[in-house]
Amino acid sequence: MSAIHHAPSAPILNVFANADAIVDALASFVIKAQKDSVEKKGRFTIALSGGSLPKMLRGLIGNPAVKWDKWHVYYADERVVPLDHPDSNHLSCTTNLFSKVPIPTSQIHTIDTSLLHDLEELSDAYEKELIREFAQKDAARFPVFDLILLGMGPDGHTASLFPGHELLAEDDRWVAYIEDSPKPPPKRVTFTFPVINHAARVAFVAAGAEKQDILSTVLDNPEAGLPASRVKPAFPGQLYWFVDEAAAVKVAFPSTPFKL
Ligand SMILES: O=C1O[C@H](COP(=O)(O)O)[C@@H](O)[C@H](O)[C@H]1O
């Protein structure tokens, strides 16, 4: 009997009045994803990004519904710098979130900074960290995160997947490295598209007028193939966008009232 292949579901676009409204809705959304995952499996696997995202997670701080001891946190991308370097995505998440909540630090999976000198080894080691969480690579062809939270740069990049870069075609590795990022710092490690597109839920968070041109290109003209348009979680995965009115002003793609 032949397998039935479902096309990826259309993205769900939620538009909010401003960034503060995104913060509240995003917190509710993350908590709902956590609740569903903990009920099913007793744990919650989430991958975070850097850039503007960590500050947008402030709605989780002090919220009693967040079960921090169930969280297992990874980074969708990380800059190849020490973890206390101002460019580190982990430092940004720690400053804005983890230093303010009771999450066990052993459940925050950072890159191995003893390997910063060797990008191949560093990305292999981070891939192995994922394999430890998600079982053997052969058994699970790609990991299925409960939730991946992404940002989108003004050039349409997401994680450290940049327009026109050869990494966009990577279809085997879980974690890859880049030495020539057009946005500094040049050396980074990143989840690949197969990992992002196997997640149960992926959510982009984008706010501010500086995102309005790229947001309309990514949502209204996906055939342009920008990295953010290539995020299409495989069925039954679902892609969500959390954006503010300033970012959405040029978008024709239909928005949906936010509901959990
Ligand atoms: O360099 C990066 O940029 C993207 C987008 O950042 P934003 O500040 O425009 O939100 C971010 O998602 C990624 O994690 C980071 O390494």
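I started with the sheet: six strands, open, in the order E1-E9-E8-E5-E2-E3, with parallel pairing. Strands pair if DSSP finds at least two bridges between them; helices (H or I, at least four residues) and strands (E, at least two) are DSSP runs numbered from the N terminus. I looked at the edges next. Strand E1 (12-16) and strand E3 (71-75) each have a single partner strand, so one side of each lacks a neighbour in the sheet. The twist averages 20 degrees from one strand to the next.

This is a predicted model: local features need pLDDT of at least 70, side-chain atom pairs count only at pLDDT 80 or more, and totals for chains, interfaces and linings use all residues. Residues are numbered from 1 along each chain as its sequence is written.

E2 (residues 44-48) runs parallel to E3 and is joined to it by five bridges. Phe 44 has Trp 71 of E3 as its bridge partner.

I then turned to the core, a set of buried Ala, Val, Leu, Ile, Met, Phe, Trp, Tyr and Cys residues joined through C-beta atoms within 7 Å. Buried means 20 or more other C-beta atoms within 10 Å of a residue's own, with C-beta atoms placed from the backbone. The largest nonpolar core has 72 residues, of which Ala 47, Ile 148 and Val 205 touch the most other members.

I found 14 residues around it, the closest being Ser 49, Gly 50, Gly 51, Ser 52 and Gly 151. A residue counts as near if its C-beta atom, placed from the backbone, lies within 6 Å.

Conventions. Axes fitted to C-alpha atoms, helices over the stretch in contact; angles between N-to-C directions. Buried ≥ 20, exposed ≤ 12 C-beta atoms within 10 Å, placed from the backbone.
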